[in-house]
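Okay, everyone, thanks for coming. Let me put the sequence and the structure up, and then I'll talk through a few spots.

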Amino acid sequence: MLFLNSLVPSKLLHAAVRLAPILAALLLAAAACLGGAPSDKEVLIDLTDEVVAPAYRQLAGDSAELDSKATALCSAPSEAALEDTRQAWRSARASWLQTSAMSFGPVMDRRSESLLDWSPTDTAAIDESVADTGFSTDADQVRNSYSASRRGFGSIEHLLFRDDAVATVSGSLGYCQYLIALTQLGREETEAIFADWTEGGELGTPYRDYFTDRASLSLVSGDAVEEVVRTQVFLIRDIVHMRMATALGLRGDGTDLTAIPGNAADNGLADLRNELIGMQRVYEGSGADSLGISDLVRPLSEETDQRLREQLAAAIKAVDDVDGPLRVAIEERPEQVHALYDRLADIQLTLATEVVSLLGVSVGFSDTDGDTLR
Amino acid sequence: MSAQATSIASLALGRVPGGFERLTSRLIRSVLHPVSPYSAAAFRIVFGLLGLVAVVRFALNGWISQLYLEPVHHFSYYGFSWVQAWPAWGMYLHFALLGLACLGVMLGYRYRLSITAFFLLFTYVELIDRTTYLNHYYLVSLLSFIMIFLPLNRVASLDALGSPKAHDSPVIPRGILWLLMAQVGLVYVFGGLAKLNPDWLFHAQPLRIWLYNAGDVPLIGGLLREEWVAYAMSWGGAVFDLTIVSWLLWRRTRPWAYGVLVLFHLATALLFPALGMFPWIMMGVTLIFFAPDWPLKLIKRVRQHVNLRQAPVEFRRRPPLNESPDWQITAAIATAAIFLLIQVAVPLRHYAYPGNVRWTEEGYSFAWRMMLTEKTGQVVYRVSSDPDARATLVYPDEYLTPAQVERMSHQPDLILATAHLVRDDLANQGYGRAQVRADAYVSYNGRPAARLIDPTVDLATVQPGIGPRAWILPYPEKRG
């Protein structure tokens, strides 16, 4: 005030002080009267309650089912029980990959990926363990002592989808101990993720509440919408750059099928499809009345919004158009896989340029043409 | 005084007879007119303080490591490839010395040495990597360069405490304040001129995008999502930038203008945290527009407020006319004039290039083009041994940090520099002479992503330079 007094005539200052509350009241009244497009918070609440939490609930349920089927398989080994367990693995993996587009919050804080899905799988170490007649383990040991390459869906896949699975179940105590330890770890971990979102778990407060409140903290940092969009960008970049381009030989000297996980079960196409379905749900919401990121993009550019919706649908269709296992298609029907790659690249371009730009998302640092944070 | 000014004008301009000589002599007289040095001292103190805050923020936020130590490659400025990041201990020492220089400037301790060190240390950091360019830090470099030559330590400094001469002559030529005002004023004027473009005026872009995304700001969020608010703020911002200097120069409107300026910059700081130090720097340096003795008035009020009876230090004396030889004064004025002419010319250099500067970015930097574009790009390089051979994809993030990738992906000169990085790296690995083409797409102010670079051009053969770049594709006129 003293400082202002020395610069501004006191009459002006007093007039400004008198006018300020009136102006502020008018502004607030105007702001309160305005509606229209949904707010970030409304979108985040819908996204959490209609898409994210249900997806993790589904994952926890499917993981429990897989654990149950694996236990049943070990109790009474048979081809039918093995097929049931394999089917449960496919369902759980489908649920898990649909949450790839929701890799924020508890799943990141808990570093669940290293427990549930790590690539590449150390198949030699797994085989060695199973072959060891004195091998014994449980979920806690797998969680605390095993490397990430010996845990999760890839390891379960290696155990379940071997040709001699039924015989191995019958003949190896270690096999069943390992399998059940892995599926039990999967069940515990996915239940914990869901609990963190909805009940609070070890956090005390449900992550849902914190996450949806972060819309209003955008002035400070850590905007939740930004995190959701960034997750989509990183996911599609991983699919296009790291997996598909490498597998198709666009990045190296030739095709490299090790870039695609899920080869033992020939699950590559299903994996891709589920990842895209997860992205589609995050973007469009779970139904006609449910909000998604699309509802934030559309008011700024209907064209971009419509194009991304079409691109997501086209990519899912392109997955369906590929005949047979992905690894076979890459070598025998590459034109189908290249068509799929192009559709995926379309999504990447729209997300990484237009959507990121429209929603003011910083993928690396942040920038507003030259005047950036610093 | 008058005779000396006339003689200086004659020296500077030759013996031009008549009104022109009188005009120049009046101008020089005005430039040399003695004024209180307290405003300039306050400028020095505020400048040093802001610099210190910036250095501390840099250190606390881990930016020294993120921007200068983590990147394997840096994008040098033309002619400054010798400016390289030091090893870790060197960078931290560099910033520590910079912080000390800020303190020296602020306290007026060995001022010339401090401000020279500040300029060199600060500018060195800014020159390490083109992806770290910021308009307001360019301003800081320019101001610190100017300050090297200005006696801003005549009062309110440790130097003055130890110098009886400074007490004898607590005045400075008015031209010193004018020079600082001119440099600060150019930022607003060119910032305003740059806003006179169709996107800003007729589509309220990119403010529409930015305000919409600030829609969850408490209380006023709903308002910010209204389209008319974006238009109002776009036009208001342009008018503000274009006219604020005039209002600040006019004594009667100055207090109001500064009040508006503070509100404007506070609002931008609140709504756009990514602006970082910019609003605070501008609020600080624009104090130079106030009367030369404003700090004395402030001190007087403080003394009255705390009931102190001692009279404040008053400005009484005029400078001795024979303080400097004529030729020195002439040289100083001529140098300042040339410096300002350069400062006017540099932001206009984009007219030498074809196309839309906001798309091509040819002549974009060092031109006070602030908050004009929302651009995001994506670049993938196709590398092959010849045009018909199968190309291998190379991604910029194989060479650069995420922050560098984000910045380079919409700047053609940096896309070219990265292509050369790829070319040289492959050559070093023994792959021979590679051809490097770019699939570069940019979304700009809400438009659909469009190709920025001609995908048929082998960027490995393109030489960097300041000439027009034919390999940049035209600006997409269609709006999204």
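So, Cys102(B): buried or exposed? This is a predicted model, to be clear, and in it Cys102(B) has 1% relative accessibility, so the residue counts as buried.

Now, cysteines that do pair up. How many disulfides do we get over all chains? The count comes to 1. That disulfide is in chain A, joining Cys74(A) to Cys176(A) with an S to S distance of 2.1 Å. The link ties together distant parts of the chain: Cys74(A) sits in helix α3, residues 40-75 of chain A, Cys176(A) sits in helix α11, residues 173-198 of chain A, and the two are 102 residues apart.

While we're on chain A, here's the overall picture. The secondary structure is 18 helices and 0 strands. Chain A has 374 residues, and 54% of them count as buried. If you take the contacts in chain A with a separation of 6 or more, 74% are between residues 24 or more positions apart. As for surface, chain A exposes about 15300 Å², and carbon and sulfur atoms supply 52% of that.

One residue in chain A I'd like you to look at is Glu275(A), which is in helix α14, residues 268-284 of chain A. Why does Glu275(A) count as buried? Because its relative accessibility is 3%, and the cut-off for buried is under 20%. So who's around that side chain? Setting aside neighbours within four places in sequence, Glu275(A) is in contact with Leu97(A), Ser100(A), Leu235(A), Ile239(A) and Arg243(A).

Over to chain B, where there's a histidine I'd like to show you. His265(B) is in helix α15, residues 254-271 of chain B. With 1% relative accessibility, His265(B) counts as buried. Again leaving out neighbours within four places in sequence, the contacts of His265(B) are Tyr188(B), Phe278(B), Pro279(B), Met282(B) and Met283(B).

Next, the surface of chain B. Which residues make up the nonpolar patch? They are Trp89(B), Leu93(B), Leu97(B), Leu100(B), Leu103(B), Leu107(B), Tyr109(B), Leu158(B) and Leu161(B), and the patch covers about 930 Å². Two helices of chain B, α5 (88-107) and α8 (158-161), each supply at least two of the patch residues. The largest share comes from α5(B), with 6 residues. Trp89(B) is in that helix, α5 of chain B, and at 63% relative accessibility Trp89(B) counts as exposed.

Last stop, some strands. Strand β3 of chain B, residues 375-384, is mostly covered, with 9 of its 10 residues buried. On the pairing side, β3(B) runs antiparallel to strand β5 of chain B, residues 435-444, over 10 bridges.

Key. Residues are numbered from 1 along each chain as its sequence is written. Chains are lettered from A and ligands numbered from 1 in the order in which they are written. This is a predicted model: local features need pLDDT of at least 70, side-chain atom pairs count only at pLDDT 80 or more; totals for chains, interfaces and linings use all residues. Side-chain values use heavy atoms; hydrogens and water are left out. Buried means under 20% relative accessible area, exposed over 50%, partly exposed in between (1.4 Å probe, protein chains only). Helices (H or I, at least four residues) and strands (E, at least two) are DSSP runs, numbered from the N terminus. Two strands pair if DSSP finds at least two bridges between them. Patches are made of residues with over 30% relative accessible area and no salt bridge: like charges are joined within 9 Å, nonpolar side chains (Val, Leu, Ile, Met, Phe, Trp, Tyr) within 5 Å. Accessible areas come from the Shrake-Rupley method with a 1.4 Å probe; for residues, only the protein chains shown count as cover. A salt bridge is a side-chain nitrogen of Lys or Arg within 4 Å of a carboxyl oxygen of Asp or Glu. Contact means heavy atoms within 4.5 Å. A disulfide is a pair of cysteine sulfur atoms within 2.5 Å.
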